Structures are given as structure tokens and as C-alpha cells.
Amino acid sequence: MAGSLFAMSDLHVAYPQNRAVVDRIEPESDQDWLIVAGDVGELFGDIERTLRLLRSRFSRVIWAPGNHELWTHPRDPVQLRGEHRYRELVRICRDNDVLTPEDDYGVWSGPDGPVTVAPLFLLYDYSFRPPGTRTTQEALQLAYERGVVCADEMMLHPDPYQDRQSWCRARVAETESRLAATDPGLPTVLVNHWPLVRQPTEVLWFPEFAQWCGTERTADWHVRFRAVAVVYGHLHIPRTTSYDGVRFEEVSLGYPREWERRGTKPDPLRRILGTAP
Ligand SMILES: [Fe+2]
Ligand SMILES: [Fe+2]
């Protein structure tokens with residue numbers, strides 16, 4: 001088997017410039033897989049149209065939700081909240097043959113394989129607190145004082161959980177047992193919209209924003225679960241780094257104002273496994 005495993009995230013297709021970039025994306029071969037690590041958009045119509053388009057081009061598409069898909073946006077005719085919204089997103093993915101965190105993990109058996117590819121949905125629990133704060137309450141208060149508050153506070157509802165921390169805790173517990181049950185003989189590619197470790201948030205322009213970016217509970221997962229690569233987005237800081245010898249790939253396209261100032265045409269596809277032809 002030939003082909004490559006590609007990844008991208010943060011397509012934010014509500015912006016026509018981003019939609020034009022996404023419409024141009026083509027695989028290199030008919031055996032390529034594509035990981036979409038969240039923030040496709042906010043509206044169900046946009047999300048479904050985009051995933052269907054990508055699935056028509058790539059032999060397999062694997063999706064993990066971002067915070068934007070989980071927003072209950074006032075302009076979306078679908079007003080589901082929280083867990084119900086997530087389950088409905090999973091349903092539209094299944095209708096379009098797109099793998100989700102609720103499905104059996106796929107095994108990439110192309111170049112550099114076999115590797116288990118695991119899309120995760122873990123959310124965040126405010127444990128990436130800014131320096132000088134000791135509790136979630138202090139961290140949030142500082143963010144409000146400085147005017148750096150994630151829109152999730154208004155639009156990402158945790159129903160039926162009491163708060164986003166509880167939802168995160170439940171997701172982490174369930175995901176941890178599923179990962180522990182994967183074939184110990186195979187390495188993994190772990191995919192989560194939010195970074196699994198805190199270090200990538202250290203370069204954020206506003207350190208207060210880190211509390212919406214992940215959880216300390218996954219700090220050793222890249223080692224424990226044999227990752228050859230960890231794919232994430234959300235920060236809109238595309239780059240490759242390494243922690244404990246494991247490659248971390250931030251694969252976001254980001255907003256037009258972010259990629260336009262780089263002056264080059266964006267190419268959001270990042271090769272995770274495989275080699276260029
Ligand atoms: Fe994003
Ligand atoms: Fe995000």
C-alpha cells in the first residue's frame with residue numbers, strides 16, 4: 001500500500017477565503033487518509049458540506065471535534081447543546097462515512113504503518129492556569145480582568161454536565177480506558193483538537209487563554225500510549241515540536257487574517273506518515 005496520512009485543522013469555513021482554500025485541497029494519491037482535527041466551522045450545514053467534500057476526495061477521513069463545532073451558535077438552525085450536539089455531529093459524520101472518536105480506531109497500514117490512528121475528544125478543564133493563579137476561579141477572574149475570555153464561555157454549553165470541567169473529566173476517563181485497550185504492539189497517532197501537553201501554549205500571546213486549551217490529565221499520554229505523532233490544532237500556531245522524543249504537529253489553517261499576513265498561499269495539508277512521491 002502507498003499513500004500518506006495527512007492532517008489539518010481549524011478550517012473555519014465560515015470565511016469565504018478559507019472555504020476557497022478547502023475547496024482546492026486534493027490528495028496526492030487515491031490511498032491517502034485525512035485527519036481533520038476540529039474547528040471545521042460552527043454551523044451544521046457548513047460542517048457537513050465540508051466533511052462530505054473531503055470524504056469524496058480522500059479514501060478515509062477522520063474527524064475530532066473542535067470547540068467551534070460544539071458552539072450553539074445563534075445563526076445555526078440546529079440549536080442542540082453540549083453532549084447532544086456532539087452526538088448529532090457524530091451522526092452526520094457516520095452518515096458521510098467519516099470516522100469519529102466514537103468509532104473503532106482505524107489502523108493505517110500504509111508507509112510507516114501499521115499505526116493505530118485515534119481521534120480523541122477530551123475538551124479542557126482550566127488546569128493550564130496562567131502564572132500567579134492557584135485556582136480555576138482566580139484564573140478565570142484574571143482572564144475577565146484582562147479581557148481575554150474564550151467565546152466558549154458563552155456558546156459551548158456542557159449539558160447535561162454541570163460544567164465543562166466535568167464533561168472533560170468524563171471524556172478523559174472514558175478515552176483513557178479505550179486507549180489502554182488498543183493493541184500494545186502498535187504505535188499510535190493521537191489526534192485531539194486541544195494539545196495533550198501544556199508546553200505548546202507557552203508561546204501564546206495571551207497566557208490567560210491557555211486555560212481553554214487542554215488538561216493536565218493527559219500530560220503523559222503521548223508516552224503511555226506509544227504515540228509516533230500527536231496531531232492538534234486550536235492554537236492557530238502551525239508548527240512541529242517534540243516532547244519526550246514524540247513529534248507534535250499543530251496543523252491549523254487558522255483565520256484569513258492570520259495566514260494572509262504570512263504572504264504565501266496556505267497549504268493546510270501536513271504529512272504525518274508516508275513520504276512525498
Ligand atoms: Fe480554531
Ligand atoms: Fe479551537
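**Exercise 1.** Determine in which sense S9 and strand S10 pair, and over how many bridges.

Solution. Step 1: S9 and S10 (residues 246-250) pair in the antiparallel sense over 5 bridges; strands pair if DSSP finds at least two bridges between them. Strands are DSSP runs (E, at least two residues), and helices are runs of H or I of at least four, numbered from the N terminus.
Step 1: Thr241 stands opposite Phe248 in S10.

The model is predicted: local features need pLDDT of at least 70, side-chain atom pairs count only at pLDDT 80 or more, and totals for chains, interfaces and linings use all residues. Residues are numbered from 1 along each chain, chains are lettered from A and ligands numbered from 1 in the order written, and side-chain values use heavy atoms, without hydrogens and water.

**Exercise 2.** Describe the protein donors of the iron ion (ligand 1).

Solution. Step 1: donors are N, O and S atoms within 2.8 Å of the metal (3.2 Å for Na, K and Ca); water is not among the atoms, so sites may look incomplete.
Step 2: Asp10 lies in the loop between S1 (5-8) and H1 (16-24) and His236 in the loop between S8 (227-232) and S9 (239-243), so the pair ties together parts 226 residues apart in sequence.
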